[in-house]
Amino acid sequence: MTTATMPRTARVGFSLDPALLIPLVGAGVLIYLAVLPLLMLFIGSFQAEVAPREFVYTLKNYQNAYASQYTYSTFVNSLIFASGSSGLTFLLGTTLAWLTERTDTPLRKIFVPLAVVPLILPGVLESIAWIFLLSPKFGYVNVFLMNIFGLQSPPFNVFSLPGMIWVHSVGQVPLAFLLMVAAFKSMDPSLEESAMMSGAGTWQTFKRITLRLLMPTAASVLLILFVRTLESFETPALIGIPARIYVYTSEIYLAFNEYPPDYGRGGALAVGLLLLSAVGVWLYTRSTKESKKFQTVTGKAFRPRQFELGRWRWAGLGFLLTYFVFVVLLPFLVLFWASFLPFFATPGWDSLSKLSIENYRYLGTFRPFWDAMQNSLILATMTATVAMILTSLVAWIVYKSRIRGAWILDFLAFVPITIPGIVMGMALILLYVAFPLPIYGTIWVLMIAYVTRYIPYGMRSASGSILQIHSELEEAASASGASWWETFKRVTLPLLRPGLVAGWIYIFIVSFREFSTSVLLATGESRVLSILLFTMFEQGQVTVVAAIGVLMIVTLLSIVAIFYKLTGRIGIQT
Amino acid sequence: MIEVKSLVKIYADGNNPGVKAVKDVSFTVEDGRFYTLLGPSGCGKTTTLRCIAGLERANAGEIIVAGQKVFSETENIHVPAYRRPIGMVFQSYAIWPHMTVFENVAFPLRVGKERFSSADVQKKVSTALAQVELDGYEDRMATQLSGGQQQRLALARALVREPQVLLLDEPLSNLDAKLRERMRFELRELQRRLRITTLYVTHDQIEALSMSNRIAIMNAGEIIQEGPPREVYLQPKSQFVANFIGSTNQMAGQVSKVESDGSGEVNTGDGRVKCMMLDGLSVGSNVVVVVRPESINVHLEKPSGDGNIIEGKIGAAMFLGEYVDCTIELGKNILQTHQRYTLQVRRGDPVWVELPVGECMALPAEQ
């Protein structure tokens, strides 16, 4: 698109047009996507009514949001939910990572891919599956344990804070696992070896060297888990709301779902959540910079030393097996099982005869399902494409163009990482209710929301692959007589392709399973699969929901299969 | 021919505005000659090369390549890199990993202004690959080549368009010592055979001395001294050049006598030393006398004659195979010398060093 303005003749003035135009357009798009909604949210939280004829300034919204009888309980619930969940996730993820990466536990290598399998289970389905398992009324695990041990009351109740913490945590473990694997992999083994040469035993070395070296990374992983839990809405929606345990995200959702909707209070709550999340992200970037100073992560890959666990390695294997069977496999199995039942029932020999493919047959002619499937697929494809084009352009400007102030673009592209999904939804409602662009209620507003939220992910893939390309590779093309366009087409783009494809597929997957933004924006025509699951589950069609879930997983699995084929590795983004 | 006139390049790098990487550099590379820019890292040599290539836009001055003015600040000319008649080899070779050997070399023929038929491309690529002895490797992926082969592939790619000028940016610095020595020879032979005007950038003095017709020594964005290799080595005009090229001994002192034939005498801490004087030195000037380790003769008996004879004792003697690196402690100075391996001495042995007058050079003291 810039060839027309690139210097073509031998005698040229220093043409500033493409050099300035592209960054300006990039900045404009980013401001429109990331800054404008936040501005509208901020203004909206101070105004008396939505889309008013004239602006009436008020603090009433904040008073409603933060000085009500629920303020204290919401704060405490959110805090317990986020810290409990991040702690448990970290503990599980680190244990898995350590056992598989740094010990001689038998069979540990096959658990590495297995540990990331839950990534393809959308958060909504994770919650639904665990309700199937741990509901006090009909949960399979509860019924099973009560039968075996003759208990009078169910041992587990998923509709509680510990239940929410558990369900959210097991969904997040793959993320903690991958981050900690990366941290373990980049540790210089000679640091531990020299401790052993100084006379420290296995345990001493682990305690005094390994753990200490991991501290900075651990702090930043805990922080990012905390922020992500605070921003999450799947578990708070499916488990928290029925259990009357409200956190910030569910308060925002409820303010929106009241009749009439209280946009003002929702906006004020959203501003608060946004600030919390921004502080968390700021601390996170600071702590990752700190940990770089600490020099455990050098970017160089070492072959890590393996701790010899001795007899304890069988305990390690036991842990891995238990985790895999009960935490990874069970949710999939229960969904699969339930999808063949006419109505949800406790398992038994008699239910075997009731198994049928009736639910799938029903879905075959169920219009809302196909509409939602179509919406989800279109949205995921468009979001991934638009986001990757936008971010590779921005990344190119930031890292290659040497334009002054390019860091501003980098910063703007990072801003969305602080926006919780539900806050994004809230902000876009406030923006497009007032804005003269009639896209509210269509899938276009969803696409704008998704693209905005996933710009930071796209940036990571794009800048990663752009930075890998040594600039001499492009300069050599230039010195060989290739124009800017030919260099881009024949050298830059082919070299970027693997990274961009990986980023595309990652964004496709997260868009396909997106819930917390869609829950406010996807209505009627624009309903997507995750929202269909949510509403049908609330209406009690739980076995049909299980069937939809299975089809959703199958779709995602095929995408992941393509992903593996194209890039041959597992992508990770935070 | 390459002509560079009063070239200035300023880097305005974000928060660090106005670093002068190249300050008023001028030089000329005659047709068919091998010209080297030599200097420590950060001296501006690569920046100069990149300005000639068109990869950087200079801030002032003029560049003429093969009779075509490719850059002039005053006339507002800046020919983009891909329109300049040049071939270039990069330090990292910049071999495109997604192409075969053939595709890498064919690339310049396929993207340039002039288009070639596929038969022509085939022929030209074969010729270029044969020149660097890579024929038969056409279908390999470029990344399957060894370091030395990649280096030659980069050379073939730079030559395939038959450019007027060849630019080489530290092309040998990523090779191991043995290979570097061989490539030095091969590169020079190829250049002689093709008679292509070549500008070479390196920080390695041996490469510069062994390959070049002329050398320009750069420091802090300026050319300090320019001339044939023998001249810059034997007649350094400044302490920097003497230090940078080869190892050298330096004895500080003051000029005590200046003769009309260009020689003179310097009062050093270890007595008077007769030596050659740089123009412009007068009695009383603070100078250093520089003398190469291989110029110094060591005698076990006091020699006769009226040369520079100074008594000292052996400091350390290291056997390096080709020669013995032997330090001699004088009263104030310690001299490093290279002696034949037949020299049998021990630490502390009394010796006499002879400094040949014609190979001692008095240069103005810096700082």
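**Figure 1. Polar contacts and composition at the interface of chain A and chain B.** Between chain A and chain B, 8 residue pairs are in polar contact, both residues being at pLDDT 80 or more; a polar contact is a pair of N or O atoms within 3.5 Å, and within protein one must be able to donate a hydrogen and the other to accept it, while residues adjacent in sequence count only if both atoms are side-chain atoms. On the side of chain A that touches chain B, α20 (471-479) and α21 (484-512) of chain A each supply at least two residues. The largest share of that side, 7 residues, comes from α20(A). Helices are DSSP runs (H or I, at least four residues), numbered from the N terminus. By class, the side of chain A that touches chain B holds 13 nonpolar, 7 polar and 8 charged residues.

The structure is a predicted model, in which local features need pLDDT of at least 70 and side-chain atom pairs count only at pLDDT 80 or more, whereas totals for chains, interfaces and linings use all residues. Residues are numbered from 1 along each chain as its sequence is written, chains are lettered from A in the order in which they are written, and side-chain values use heavy atoms, with hydrogens and water left out.

Figure 2. In contact (heavy atoms within 4.5 Å) are 28 residues of chain A and 37 residues of chain B. The two chains bury about 2600 Å² between them, 54% of it on carbon and sulfur atoms; buried area is the accessible area (1.4 Å probe) that two parts lose on being put together, summed over both. The interface has 2 salt bridges, each defined as a side-chain nitrogen of Lys or Arg within 4 Å of a carboxyl oxygen of Asp or Glu. A salt bridge joins the side chains of B:R115 and A:E486 at 3.3 Å, N to O.

**Figure 3. Aromatic pairs in chain A.** The whole structure contains 27 aromatic pairs over all chains. Rings of Phe, Tyr and Trp (its six-membered ring) pair if their centres lie within 6.5 Å; planes under 30 degrees apart count as stacked, over 60 as edge-to-face and the rest as tilted. A:F233 and A:F515 are stacked, because their ring centres are 5.8 Å apart and their planes at 15°. A:F233 lies in the loop between α9 (202-231) and α10 (234-240) of chain A and A:F515 in the loop between α21 and α22 (518-521), so the pair ties together parts 282 residues apart in sequence. A:F233 is buried at 0% relative accessibility, where buried means under 20% relative accessible area (1.4 Å probe, protein chains only).

Key. Nonpolar A, V, L, I, M, F, W, Y, C, P; charged D, E, K, R; others polar. Buried < 20%, exposed > 50% of the residue type's maximum accessible area, 1.4 Å probe, protein only.
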